[in-house]
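Have the viewer open as you read.

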Amino acid sequence: MVTADTTYVLTRSENLKPEQRLAAGRYALEVRNMEDKEVAKKIANQLYAVRGVESISVDMAQRMLLVQAANGATLSPWALASAVERAQGEPVAVAG
């Protein structure tokens, strides 16, 4: 999919190698410009506003946010990427 600012490549989880797949309800977001904890906090606050997000952990070294969905919730990768953009982040990849 191509937007005015970005080109997204979607890959179905069954087409990923087993070691690349996340457990059901887990999502990983790589953010290009997540350089400090303040940026990560702004992004996490936007992600918590997405319906169905239960918890978020941050891996600063990998520039990743790991999102856990509430039981039974399925999160839209578009909603997650949009939340990152609302916090002035640059989503590079969404997996889950």
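**Salt bridges and a buried valine**

Start at Glu90, which is partly exposed with a relative accessible area of 38% (buried means under 20% relative accessible area, exposed over 50%, partly exposed in between, with a 1.4 Å probe and protein chains only). A quick note before going on: this is a predicted model, where local features need pLDDT of at least 70 and side-chain atom pairs count only at pLDDT 80 or more, while totals for chains, interfaces and linings use all residues. Residues are numbered from 1 along each chain as its sequence is written, and side-chain values use heavy atoms, with hydrogens and water left out.

Glu90 forms a salt bridge with Arg32, with 3.3 Å between the closest N and O atoms (a salt bridge being a side-chain nitrogen of Lys or Arg within 4 Å of a carboxyl oxygen of Asp or Glu). Arg32 is partly exposed too, at 49%.

Searching the whole structure turns up two salt bridges. In the other, Arg63 pairs with Glu30, and the closest N and O atoms are 3.3 Å apart. Arg63 sits in the loop between strands S2 (53–59) and S3 (64–69), and Glu30 in strand S1 (residues 26–31), so the pair ties together parts 33 residues apart in sequence (strands are DSSP E runs of at least two residues, numbered from the N terminus). Arg63 has a relative accessible area of 30%, and Glu30 comes in at 24%.

Now for Val53, in strand S2. Is Val53 buried or exposed? At 13% relative accessibility, Val53 counts as buried. Among the residues that Val53 touches, leaving out those up to four places away in sequence, are Leu47, Val67 and Leu80 (contact means heavy atoms within 4.5 Å).

Key:
Helix = DSSP H or I, 4+ residues; strand = E, 2+ residues; numbered from the N terminus.
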